[in-house]
Amino acid sequence: MSERGAERFPIEKMRVNRHRWIFWSSMAGLLITLSALLATLLFLVWQATPIIRQSGAGFVFGRLWYYPEQMFGALAMIYGTAVVSLVALTLAVPVALGTAVLSAEYLDAGARLVVKSAVELLAGVPSVVYGLIGVLFLREWVYRGLAPFDPISGDSLFTAGLLLAVMILPTITTLCDDALRAVPASQRAAARSLGLTRAESVLHVALPQAAPGLLAAILLGLGRALGETVAVFLVVGRQDNQLPDKLFSWDALISPGQTLTSKLGGPETHLAYGDPLHWAAMAGLAVLLLVMTALCLAAAKGIEKLTKSRAARVAGQS
Amino acid sequence: MQFHRFCLLTFSAAFGLTFPLPAQDSLRVSGSTTLNPVVSEAVEVLRNEKGLRITIDTAGGSTGGINALGDGRADVAMSSRSIQERDRDKFPSVKYHSVPIGQDAVSLVVSADVWNGGVKNLSGSQIRDLYEGRLKNWKEVGGPDRRVVFLNREPGRGEWEVFTKFLYPDRNKPPMTSHPMVGSNEETRNKTGGTRGAITFLSTPWADGKKVFALGLELPDGNVVEANGANIASGQYPMSRPLFVITDGEPAGAAATLIDYLLAEPGQQLVSKHGYLRLDEVQ
Amino acid sequence: MTGSRKFIRWLLPTLGLVSALVVAVVVIFIVTVLLQRGTSSVSIHFLTTDTRGAGSEGGIFYQILGTCILIGSALAVAVPPALAISLVRSVFLQPHTRLGKALDLILHLLNGIPAIVFGILGLLIFSKLFGWGKSWLAGGILLGVMILPTLTVALIERLAAVPRAYIEAATGLGLTRGQIILAIWLPQSSGGLITGSLLGLARAAGETAPILFVTAVFSGATVPTGIVDNPLLALPYHIFVLAQDSFHEGARANLWGAALVLVTLITVLNLAALPLRFRLHEESRHA
């Protein structure tokens, strides 16, 4: 409206034209950034094509990786990544959920601040310091703690999973806390007025309603666990081709292994630099990792959208 | 109005810093963690005394350094193994100029429980069985009743090249094995010392006799040769290797200064200080 | 009340308390270890001397400088696109369009890309494609892209939280959209920019994987004088190498000192963002 008015008044017209650059530069900035990112990702996929052409699905499902003989099978590393992440989730989710329930449902604002600060502190510790603690402390403890089971060394998929659990704990705790606090107080009040104890209102009202948010929190924690490199690299043992015959193998759990990230962060990336097939294989691993992470994150975002639409429907009905 | 000015300023500040200044070349050194202590100290001296700009990196070990030299990402490679055919095949246009600055050996080392359990030396065939996973318990070689944990070195490491060359002199590529990996000399020593029943191979001066213990080598004729200075110098201990500083073509400029320093008395003293053999000690 | 109800009434908070205690123990352990082993080596001398003896003596001056250069250039790289994208999302696009939601998803995915993938991409683009060797700018750009979502989301939230009343008043006064952006939207969301920047800087300071291949060397780099073949020393990389490579016991103390300095830097940056974050969080809940 003011634009049309501007045409009649020269001063206004000058002012409108002078500020159009904001719109155009913003759009340009957006487009340049997005296309640069897209081009980069496509370039990565293109770099990985030689190995796909060579091995096809054998790259993903091949059991053996031995670069001097040009054998590039990533399955053992996918298994390692999956096991490490699963261990991390199994250990972190109960603790995170418990802390979030305590913080969101039972504590007053002051105590909640203390808990939140502690969790924030954990979140701020960089992964390399976690790796350091893992190498100098955790390895020894796991080696001694698992002595009855006679592990090979303190480096294992389990050790990496344990370390990772501590690292993803803050993410999951904060998001679970947010999800629980997003459940309206009126819901809990209604439950209490019906005679439910606080615990029951949490179990039967708050938790179920927060469930999608909790699930999203877990998925985001999983996404983080999949991508962690430095800490895992230092304590996972870096043993290739540790793929057991059964899916659930205790032996593989307490033995050294290899994950996608520990392979990518290791020396082979430097060694692969000049060798086209080896380099394509490493790029392929990066693409695999990217796909796995993106799936988790997209799923989490999808749940978030589902929750919002469900909440909108519920609000519309009441 | 303040906003886009603020952004413009920040943006240009970071980038504007670089353009007016002329790019100054620094010498890029890359490679083996075995040579790193020696070369690092030499570089410190040169930096302080002559103001040379030299950067050092050890990612990728000896092979990583040679690759970087071949790619043009490094000017000087530090290597604890010699240039092989496959390096020449990979980078055919590079004229490798290797300068030995000292001598070192690779020892088989074991953890304390294995050493104290009676294993003091091994033969070549026993080592091969251990590496290929046929020997699974230490009692099979006169040691304690304990599972063998063979810690392998990362494939780029000079020690790995020397070790596999010793075990498989006629083969181009050693057989595929599956062992946990360790990287640098220090990580190797730490992890081996902390694992029961562990064996690995390590640059000899790093076997401190506290965390890890160096084994003697039983030669085919039955003699046992220890990895001490005399045996390494005379060549009796088979797993010895010169320590190289490598350039593409004749070294010039800062590279030449560095190499000259390493070959001269102060540099050779550094070699000795870190436990390796000086050039004049090698026969 | 039945026994089982009483049991549950007791069990839930107890489990919650146990979980919180686990968290507390972990936090206390990490802080104690860092302080115990790090404080003995941190001093003014430590912070202002360069490293000697391959990490076993001297200080971490150039590592700190390198980290500062990295996070500074990361911020410089991230701010312009963050402004552009947040303006498009919050001002130029209608709130519930598909394009807006797609943008949200893209930012969400970008935020979750593993750091090592950034490192590989950096190796691919800056080293292989551009031939920059090891360059400080490559690291700055990679870290800038990594923290872009943090800044952008903070800005988007703040822009969206500007009260409609202000905008309506401004439109009523005859201001154009561009004028409103410059006079109201951006100044009102400066808090978001600052918060996002501080959080982004904190995150960038601790990252190792992106700088592993294209920026960091272990020794020899001081101040960059160009773009190509001008690496940096950095605290995270220093700690990473020493964690595997410490040549003797002296290096151990240096290592913990560096770790303490890094964690302190990150904590300070995060703490600086906290007051703004609480204010924003509370405001957005009441809006």
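Analyst: Let's start with a pair: B:Glu218 stands opposite B:Val224 in strand 12 of chain B. This is a predicted model, where local features need pLDDT of at least 70, side-chain atom pairs count only at pLDDT 80 or more, and totals for chains, interfaces and linings use all residues. Residues are numbered from 1 along each chain as its sequence is written, while chains are lettered from A and ligands numbered from 1 in the order in which they are written.

User: What is the strand order in that open sheet of chain B?
Analyst: The order is 5-11-12, three strands with mixed pairing. Strands are DSSP runs (E, at least two residues), numbered from the N terminus, and two of them pair if DSSP finds at least two bridges between them.

User: Which strands stand at the edges?
Analyst: Strand 5 (121-123) and strand 12 (224-225) of chain B; each has a single partner strand, so one side of each lacks a neighbour in the sheet.

User: Switching over: how does strand 3 of chain B pair with strand 13?
Analyst: Antiparallel, over four bridges. In strand 13 (residues 240-248), B:Thr247 is the bridge partner of B:Val76.

User: And which way do strand 1 and strand 3 of chain B run?
Analyst: Parallel, joined by three bridges. B:Ser30 has B:Ala77 as its bridge partner in strand 3.

User: Are the residues of strand 3, 76-79, buried or exposed?
Analyst: All are buried, meaning 20 or more other C-beta atoms lie within 10 Å of a residue's own, with C-beta atoms placed from the backbone. B:Val76 and B:Met78 point one way, B:Ala77 and B:Ser79 the other.

Methods
Buried ≥ 20, exposed ≤ 12 C-beta atoms within 10 Å, placed from the backbone.
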